[in-house]
Amino acid sequence: PEESGKQIKIEQIRRLKDKQQLTPTVAKWKTVIVCPADNMNINSNNSLLKLLEEPQDNTLIILITAKPEYLPITILSRCQKLVLSAPAIELTLNWVHQQGSYDDAIIDQLLPLAKGAPLAVIELLQSDILPQIQQIEDDFKSLLHGQVNPVVLAKEWQQYDLNIVFNHLQNLVKKNIILVQKQENSNGTKRSWHIYDCIIAVIKLISSSNNINKTLLIEQFMVSVMNKELIDNSIINGYI
């Protein structure tokens with residue numbers, strides 16, 4: 001995409017097609033990298049599909065994504081799949097420590113957000129994400145206790161990367177589910193699973209290629225959590 005977090009537009013795919021028709025001047029093969037490949041809308045997907053169906057000679061097109069399930073089956077069926085798994089946690093920790101002096105507690109906190117990817121961990125460590133995470137946790141606790149206005153809080157959360165926000169909330173609630181299950185708290189477990197389902201629904205929407213009103217999505221999530229109402233398909237369809 002032209003900007004981080006933005007969709008890959010059809011105009012970019014069209015420009016790519018034009019460049020594909022040019023003769024390479026240095027190497028025999030031309031290589032195209034589309035990343036993240038899941039961050040395209042319907043028009044971009046259709047345009048890329050035509051390129052995959054009629055590739056130029058000596059052209060290698062690489063689609064990179066951490067969410068292959070969001071790619072259309074028509075595109076997946078025309079690609080060879082190569083899965084690159086995250087390294088073992090021990091290897092990741094050793095490598096991260098070789099890059100600088102980082103606190104183990106902070107690394108442990110960021111590992112789930114980075115999904116175990118070493119480079120992603122370093123990127124998060126070098127960002128200002130930690131104060132944001134703490135603020136998100138404080139806001140979420142206030143939300144669960146009904147101490148904040150969801151409309152006001154939704155506007156404040158617009159400044160954050162929503163993928164990071166809800167992936168972090170997912171990790172928090174997952175830990176809470178394990179805790180309340182050990183305590184055999186059936187009511188707490190039921191509510192935690194409800195909140196977890198709401199978070200998963202939001203993650204799927206913000207990760208999709210649909211044009212979603214994120215402010216309304218966050219507001220409805222917060223109201224749903226406070227009122228213990230499930231986000232059903234009829235409500236979800238209202239965001240798109």
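**Exercise 1. Locate isoleucine 33 and classify its exposure.**

Solution. Isoleucine 33 belongs to strand β1, residues 30-34; strands are DSSP runs of E with at least two residues, helices are runs of H or I with at least four, and both are numbered from the N terminus. The model is predicted: local features need pLDDT of at least 70, side-chain atom pairs count only at pLDDT 80 or more, and totals for chains, interfaces and linings use all residues. Residues are numbered from 1 along each chain as its sequence is written, and side-chain values use heavy atoms, with hydrogens and water left out.

Next, the relative accessible area of isoleucine 33 is 55%, so this residue is exposed. The classes are buried (under 20% relative accessible area), exposed (over 50%) and partly exposed (in between), with a 1.4 Å probe and protein chains only.

Finally, Ile33 forms a nonpolar surface patch with Trp29, Leu60, Ile62 and Ile64, with about 470 Å² of accessible area together. Patches are made of residues with over 30% relative accessible area and no salt bridge; nonpolar side chains (Val, Leu, Ile, Met, Phe, Trp, Tyr) are joined within 5 Å, like charges within 9 Å.

**Exercise 2. Determine how the buried residues of helix α6 are arranged.**

Solution. In α6 (residues 118-125), the buried residues are Pro118, Val121, Ile122, Leu124 and Leu125. They lie on the same side of α6 because they cover an arc of only 165 degrees around the axis; the arc is that of the directions from the helix axis to the C-beta atoms. The face turned away from this buried side carries the exposed residues Leu119 and Glu123. The cover over the buried residues includes α4 (89-99), α5 (104-114), α7 (129-144) and α9 (162-182).

**Exercise 3. Identify the salt bridge of the structure and describe its partners.**

Solution. The structure holds 1 salt bridge, defined as a side-chain nitrogen of Lys or Arg within 4 Å of a carboxyl oxygen of Asp or Glu. Glutamate 53 and arginine 78 form a salt bridge at 3.2 Å, N to O. This pair links distant parts of the chain, 25 residues apart: glutamate 53 in helix α2 (residues 42-53) and arginine 78 in the loop between α3 (73-76) and α4. Glutamate 53 is partly exposed at 41% relative accessibility, and arginine 78 is partly exposed at 40%.

**Exercise 4. Describe the surroundings of glutamate 219.**

Solution. Glutamate 219 lies in helix α11, residues 214-227. Glutamate 219 is buried yet has no salt bridge, and lysine 155, the nearest side chain of opposite charge, is 6.5 Å away. Not counting residues up to four places away in sequence, glutamate 219 touches Pro150, Val151 and Ala154, where contact means heavy atoms within 4.5 Å.

Notes: Lys, Arg positive; Asp, Glu negative; His and termini not counted. Areas by Shrake-Rupley, 256 points an atom, 1.4 Å probe, with all protein chains shown as cover.
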